[in-house]
Amino acid sequence: TSVSIPAGSSTVSFYYGDTAAGSPTLTATSSGLQSGTQTETIIPAAAAKVSISPTPNPAAVSATTNVALGLQLVDPFGNNTTSSGTTTLTLSTSSAKGFFATTNNHTGTLGANATVTFANGVGTATEYYGDETAATPTITAKNGVATWGTATVTITAKTSGAAMTIVQGNNQSGSVNAAFGTALEVQDVDQFGNPVPGVNVTFSAPASGASGTFAPCSGGNPQT
């Protein structure tokens, strides 16, 4: 911006504001004059929101907490700030089988909320989260009825300890050299019942006695 010093005066006033907390340097220049600088200090405004950072993300389904939720109070302009007095936030999850705890590797009540309190002058906190459902639940932080922040956590199925379950095709009977009427279908699920993707499944016929062959579709060529 530019300002003009009136004739017969040696000073002029102007005003400055900033949405970013920090120490900006203001520089005044004029042709034929030595430039001047002045450093201002911009402090954050009062807390109005919270930034939620899940780590790690994604994480596997678990019976105990395994995701750290880093909470940072921010002002309306996104600057990190601290609490003026006591700030209490309520955390909730969109998952019916998600849960919170104050420590990692800890159990919690499925679907229950958590309360996080910031003392005067404190701007950060950590809460821990776990979930038994493979999905992308939303974590919401509220101050009273006002939503202060949200974050999405990606929860994946647990590949270790998975088990195969029968979906359809069990206990069928049929004529010799004729295909069963219902295709054989199985599903790999983890300990919480979440489907595990990308698993190769091998069907094997009995080596002796009554046996058979497999085909990728009804009426297809036999497969061994």
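A nonpolar core is taken here as a set of buried Ala, Val, Leu, Ile, Met, Phe, Trp, Tyr and Cys residues joined through side-chain atoms within 4.5 Å, where buried means under 20% relative accessible area, exposed over 50% and partly exposed in between (1.4 Å probe, protein chains only). The model is predicted, and local features need pLDDT of at least 70, side-chain atom pairs count only at pLDDT 80 or more, and totals for chains, interfaces and linings use all residues. Residues are numbered from 1 along each chain as its sequence is written, and side-chain values use heavy atoms, with hydrogens and water left out.

The largest nonpolar core has 24 residues, of which Val50, Leu69, Leu71 and Leu91 touch the most other members. Two or more residues of this core are given by each of β3 (49–55), β5 (67–74), β6 (87–93), β8 (114–118), β9 (124–131), β10 (138–143) and β11 (146–152); strands are DSSP runs (E, at least two residues), numbered from the N terminus. The largest share, four residues, comes from β5. Neighbours within four places in sequence aside, leucine 71 is in contact (heavy atoms within 4.5 Å) with Val50, Ser51, Ile52, Leu91, Val116, Phe118, Gly123, Thr124 and Ala125.

Strands β10 and β11 run antiparallel and are joined by six bridges, pairing being assigned if DSSP finds at least two bridges between two strands. Lysine 142 has threonine 147 of β11 as its bridge partner. The two strands form a hairpin with two residues between them, and glycine 144 in the turn has a positive phi of about 70 degrees.

Rings of Phe, Tyr and Trp (its six-membered ring) pair if their centres lie within 6.5 Å; planes under 30 degrees apart count as stacked, over 60 as edge-to-face and the rest as tilted. Two aromatic pairs are found by this rule. The rings of phenylalanine 100 and tyrosine 129 have centres 5.2 Å apart and planes at 55 degrees, so this pair is tilted. Phenylalanine 100 lies in strand β7 (residues 98–101) and tyrosine 129 in strand β9, 29 residues apart. Both phenylalanine 100 and tyrosine 129 are buried. For phenylalanine 203 and phenylalanine 214, the ring centres are 6.1 Å apart and the planes at 40 degrees, so that pair is also tilted. Phenylalanine 203 and phenylalanine 214 lie in the segment after β14 (185–189), eleven residues apart. Phenylalanine 203 is partly exposed at 38% relative accessibility, and phenylalanine 214 is partly exposed at 26%.
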